[in-house]
Amino acid sequence: MSRKTINVGLIGFGTVGTGVVQLLKQNEDLVRKRLGVRLAVKTIADIDIITPRSISTEGIELTDDVNDIFNDPSIDIVLELVGGLGVAKNILMDAIAHGKHVVTANKALLAVDGNEIFEAADREHINIGFEASVGGAVPVIKALRESLAGNNIKSIFGIMNGTCNYILTRMTDERLPFETVLKEAQILGFAEADPAYDVDAIDTAHKLAISLALSYGKRVNLDDIYREGIADLKQQDVEFARQLGYKIKLLAIAIQHKDMVEARIHPTMIPTDSLLSSVNGNNNAFHIVGDASGTLLFYGQGAGMMPTASAVVSDLIEIGRDIQKKIWRRVPIRGFKKDRIDDIRLLPMEEVRTNYYFRFSAVDRPGVLSVISGILSNYNISLASVIQTERKDQGAVPVVMTTHESREKDVRLALAEINGLDVVLDDTVLIRIEDKGSTT
Ligand code: HSE
């Protein structure tokens with residue numbers, strides 16, 4: 001008997017859930033034309049089914065018991081939009097155990113527990129969609145897993161967190177301090193519930209971990225990814241970056257080496273005329289280089305009600321298509337055959353080679369500059385430029401240096417020695433620079 005409707009059970013009726021219900025209503029005919037049958041949210045489960053939402057729920061059953069969804073044989077797909085780890089994980093695992101296909105936007109859960117969840121989904125022949133977990137509306141999951149399947153992914157340079165990009169844009173364009181702009185971002189509503197997830201780059205790490213798994217067909221241990229956030233960034237360094245012809249962005253970086261991958265997240269200076277430096281506000285962007293495709297740039301809204309709903313609905317349609325064809329999944333979860341998945345080997349951070357910006361807080365005394373540059377040279381760190389500003393008082397003056405390509409290990413050793421000098425009054429600020437053309 002042919003189906004008339006693909007039924008969805010939505011768990012978590014917040015902003016994105018509301019967007020999904022709205023989008024399925026607003027584009028009902030279009031979705032039916034694409035899918036061939038109706039795609040409908042049949043039941044919504046939430047701990048709060050009393051507070052009115054901005055859309056009508058007419059025709060949808062509301063419940064505060066998720067079992068009403070799991071035990072309903074007419075529900076084909078469970079849509080998990082609860083967020084967070086523990087409860088959301090139980091929901092996904094229970095849905096899988098009940099034979100329901102699942103869709104989620106939960107990047108934290110996939111980055112932390114994805115290996116276990118993917119295994120359960122494979123074992124039970126369950127389809128799992130997570131396009132919304134990275135890049136919001138930007139179709140980067142599909143691009144990495146399917147559209148670029150014929151390529152070695154040489155590199156990914158991503159602006160994956162809208163909140164950080166918004167903060168950095170305002171610090172650069174309006175010369176505002178970090179604290180002021182963070183408050184603005186929280187009011188605008190795209191910051192995580194705990195802003196440390198954004199500014200400490202935890203959210204970016206979740207998204208990079210998922211991107212790595214799809215690009216290289218690997219199991220990724222989130223804690224192995226090197227991560228620095230933007231919380232310590234000073235307006236002074238944004239200004240020096242400007243003088244040097246750079247903008248500072250929080251970049252998630254993946255670079256393919258022979259049998260390893262370099263993966264790191266940190267504030268990064270990139271040339272002001274590069275593609276990524278023009279990505280402003282809360283937008284996301286993914287600069288991806290494939291060995292056949294060459295450079296690609298994916299850009300757009302990485303968060304928000306309707307952009308995220310756009311990605312979720314694309315997953316629902318795809319799974320709906322597979323259900324109609326009576327196949328459980330056309331494409332492997334990470335895009336590689338299950339027996340080809342192994343653990344990723346990450347290049348140790350100390351072996352990374354890139355260019356660097358240093359801001360020293362040095363006493364303005366004859367010979368100080370040559371002591372600092374002497375130590376750098378002892379560690380094979382070669383200088384590209386030096387800026388020393390006018391002395392304003394008797395305290396420290398900022399001395400800025402940029403380097404040619406150097407090894408992280410050498411940089412750390414040199415800075416430890418320099419920071420120990422009597423004439424250096426504060427710990428040196430280090431910002432990595434990417435101007436090798438990988439972001440152009
Ligand atoms: N807090 C995230 C961001 C939301 O700012 O990008 C989308 O994952």
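Is Arg38 buried, partly exposed or exposed? In this predicted model, Arg38 has a relative accessible area of 34%, so it counts as partly exposed. Its partner is Glu28: the two side chains meet in a salt bridge, 3.5 Å from N to O. Glu28 is also partly exposed, at 29% relative accessibility. Glu28 belongs to helix H2, residues 28-35, and Arg38 to strand E2, residues 38-45; they are 10 residues apart.

Next, a pair between two helices. Glu116 and Lys89 form a salt bridge, with their closest N and O atoms 2.9 Å apart. Glu116 sits in helix H5 and Lys89 in helix H4, so the bridge ties together parts that are 27 residues apart in sequence. Glu116 is partly exposed at 40%, whereas Lys89 is buried at 18%.

Now a lysine without such a partner. Lys100 lies in the loop between helix H4 and strand E5. Lys100 is buried and has no salt bridge. Which side chain of opposite charge is nearest to Lys100? That is Asp72, at 5.8 Å. The Lys100 side chain does reach the backbone oxygen of Asp72, at 2.6 Å.

Last, the ligand. The residues around it include Lys107, Asn161 and Gly302. A polar side-chain atom of Thr163 lies 2.6 Å from a ligand oxygen. A ligand nitrogen is 2.8 Å from a polar backbone atom of Phe190, and a ligand nitrogen is 2.8 Å from a side-chain N or O atom of Asp198. Taken alone, the ligand exposes 260 Å², and the protein buries 92% of that.

Terms used. Residues numbered from 1 in each chain as written. Predicted model: local features only at pLDDT ≥ 70, side-chain atom pairs only at ≥ 80, totals over all residues. Heavy atoms only, no water. Helix = DSSP H or I, 4+ residues; strand = E, 2+ residues; numbered from the N terminus. Buried < 20%, exposed > 50% of the residue type's maximum accessible area, 1.4 Å probe, protein only. Lys, Arg positive; Asp, Glu negative; His and termini not counted. Salt bridge = Lys/Arg side-chain N within 4 Å of Asp/Glu carboxyl O. Polar contact = N/O pair within 3.5 Å; in protein donor to acceptor, adjacent residues only side chain to side chain. Near = heavy atom within 4 Å. Areas by Shrake-Rupley, 256 points an atom, 1.4 Å probe, with all protein chains shown as cover.
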